[in-house]
Amino acid sequence: MANKLQHRRILLGVTGGIAAYKAAEILRQCQAMGAEVRVVMTSAATEFITPLTFQALSGLPVHTQLLDAEEEAGMGHINLARWADLILVAPASADFIARLAAGMANDLLTTLLLATEKTVMLAPAMNRAMYDDPNTQNNLSQLESQGVVILGPGEGVQACGEVGLGRMLEPEELANAVADHFQTGELAGVNVLLNAGPTREDIDPVRYISNHSSGKMGFSLAQACVEAGACVTLVAGPVHLATPAGVKRIDVVSASEMSEAVMSAVGQADIFIASAAVVDYTPVEIASNKIKKNASQMQLTLVKTTDILSNVAEQNNRLFCVCFAAETDNLEEYAKDKLERKSLDMIAANWVGRDNGGFNSDHNALSVYWKKGGQEFGNMPKPELARELVTLIAKKYHEKNTAQTTR
Ligand code: PMT
């Protein structure tokens, strides 16, 4: 369960009801699974629990006002709607459900729910008679038909002393429902091997050749593959990133070490994603002592490193091979040439050496090509981009497998 929500941004909406105090535990459970959680409260909710509780637990300001001058300057509700990967309203009162079903936008929470295109989950909590009322039932049915996910309610003794359906589900059940939503299963049972980060080629004991790769793209892809249900092995160059939960990580430094690690793991793989920025040339010799800087010029003789990707693609033709290509010019032409030349299934090309995206940035954009098509992915955070790319890889991988088995 740990880290199932790593890199996920959950917006927790809290409305007025006795179960509002339990929302603090939902927040903690989501955080324990790695999520970043922001809280929006209706004014009725603040009668039951203070914003300060959520602020202290989340470490972030709690949003309560639609017409907050500071927030509105930055289109607060639109920004929050864009920020969230998922919105969970817990508890969702009968009044809030009715306002949402009516399409009202008379407070911050209803407004941002109108503005969001992300998944919305509601955890109804109310007296059993209010829950049974045809108005509430109609509202819930309507919201469900619009794609809102209704979680619960549960049955049992209520705060008012009555017994029946209407209790909010327990915080753990709600946090698990949120986590389960992100487990797509698109790559269930599939073995994915990735490489990520730079390599480092020693010149002498104190100097090396490398590049600006941070590993963020590759680590985001590893995380997205785990979420899709894959069994993931990640060969990582020298980077300081935490290993996504569930990923088997093999640390390497040089291109030759990376080649060795990839070649020994590739036999078990169904998909290989080459996102590493492998250094193309390495010194012929590594000086055993620090090279003295006496001469005004010096020459370093370099030799090509092993082309890991080409070796993998040549030796494993049943493998689904995805290559990353970093280009400073002629992106489409060079990427399509690599796709053809290296007999790959897919190539994901990104610009490097520009302001936005590529090396060491938290964002990236990709132009993806395969033999008979392509798809553009606009600039977005790397974890989000990774999930979209993994969905595409899963689709193309299954298409290839189906075509091979029906031959
Ligand atoms: O790590 P980040 O900071 O998040 O940055 C991400 C990234 C920019 C490094 C990533 O998105 C990316 O573009 N990775 C590929 C970088 C690269 O080396 O591109 P290339 O066009 O030079 O190489 C093409 C392919 O050949 C790559 O899959 C590379 O892994 C592979 N290759 C290259 C040389 C070599 N000796 N062996 C290889 O396998």
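The axes of helix α5 (residues 94-101) and helix α8 (residues 134-145) approach each other within 9 Å, crossing at roughly 50 degrees. This description, like the rest of this passage, refers to a predicted model. Two packed helices are described by the angle between their axes and the distance between the axes, and here the angle gives the orientation: α5 and α8 are therefore oblique to each other. The crossing in which α5 passes α8 is left-handed.

From α5 come Ala-94, Ile-97, Ala-98, Leu-100 and Ala-101, while α8 contributes Thr-136, Asn-139, Leu-140, Gln-142 and Leu-143. By class, the residues of this contact of α5 with α8 comprise seven nonpolar and three polar, with no charged residue.

Attention now turns to the largest pocket, whose volume is about 910 Å³. Its lining is formed by 39 residues, and the closest to the pocket centre are Ala-276, Ala-277, Val-278, Asp-280 and Phe-324. Both helices and strands take part: two or more lining residues are given by each of α10 (216-227), β13 (271-274), α12 (308-315), β16 (320-327) and α13 (331-341). Of these elements, β16 provides the largest share of the lining, with four residues.

How values were computed
Residues numbered from 1 in each chain as written. Predicted model: local features only at pLDDT ≥ 70, side-chain atom pairs only at ≥ 80, totals over all residues. Heavy atoms only, no water. Axes fitted to C-alpha atoms, helices over the stretch in contact; angles between N-to-C directions. Parallel < 35°, antiparallel > 145°, perpendicular 65-115°, else oblique. Left-handed = near helix turned anticlockwise from the far one by under 90°. Contact = heavy atoms within 4.5 Å. Nonpolar A, V, L, I, M, F, W, Y, C, P; charged D, E, K, R; others polar. 1 Å grid on protein atoms, 1.4 Å probe; cavity = no way out; pocket = protein on both sides within 12 Å on 5 of 7 lines; lining within 4 Å. Points joined across faces, edges and corners; volume = space filled by probe spheres on them.
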